[in-house]
Amino acid sequence: MTEELKKLLDHVVEYATELLTETGESYPFAAYIDLKGNHHPLEMEIDPKHIPQIGTVVDNLTKYCVEEMEEKRMRGYS
């Protein structure tokens, strides 16, 4: 495992822990590495009146990240 990938996975675990601690709930999210090597969480905006199914959220996050990778606007995602 590369150091960059390890840092991304560490970031995901840290962010997931914060979400669970603060809200008591877990919901799908992503994280990505920008072109400068910085790590960022990525969430889908949710309308509380129309909460999508988890699979829809995962599909949308994946589609976004794949498109960004194809356009070379991010270096990696999880």
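These legends describe close-up views of a predicted model. Local features need pLDDT of at least 70 and side-chain atom pairs pLDDT 80 or more, while totals for chains, interfaces and linings use all residues. Residues are numbered from 1 along each chain as its sequence is written, and side-chain values use heavy atoms, with hydrogens and water left out.

**View 1. The protein chain and its elements.** Two helices and three strands make up the elements of the protein chain, in the order α-β-β-α-β from the N terminus. Helices (H or I, at least four residues) and strands (E, at least two) are DSSP runs, numbered from the N terminus. The C-alpha trace spans about 40 × 30 × 20 Å along its principal axes. Of the 78 residues, 23% are buried (under 20% relative accessible area; exposed is over 50% and partly exposed in between, with a 1.4 Å probe and protein chains only). Among contacts (heavy atoms within 4.5 Å) with a separation of 6 or more, 52% join residues 24 or more positions apart.

View 2. Helix α2 holds 17 residues, 54-70. At 1.5 Å a residue it should span 24 Å, and its end C-alpha atoms are 24 Å apart, which agrees; the expected span is 1.5 Å times one less than the number of residues. Val57, Leu61, Cys65 and Glu68 of α2 are buried. These residues lie on the same side of α2 because they cover an arc of only 60° around the axis, taken from the directions from the helix axis to the C-beta atoms. Asp59, Lys63 and Glu70 are exposed on the face turned away from the buried side. The cover over the buried residues of α2 includes β1 (30-33), β2 (39-42) and β3 (76-77). Just after α2, Lys72 has a positive phi of about 60°.

**View 3. The largest pocket.** The largest pocket has a volume of about 250 Å³. On a 1 Å grid over the protein atoms alone, a pocket is an open set of points where a 1.4 Å probe fits, with protein on both sides within 12 Å along at least five of seven lines. Lining residues have an atom within 4 Å of a point; among them are Leu19, Tyr27, Phe29, Met44 and Ile51. The lining divides into seven nonpolar, two polar and two charged residues.

**View 4. Glu25 in its loop.** Glu25 lies in the loop between α1 (3-23) and β1 and is one of the residues lining the largest pocket. Glu25 is exposed, with a relative accessible area of 58%. Leaving aside residues up to four places away in sequence, Glu25 touches Leu19 and Leu20.

How values were computed. Points joined across faces, edges and corners; volume = space filled by probe spheres on them. Nonpolar A, V, L, I, M, F, W, Y, C, P; charged D, E, K, R; others polar.
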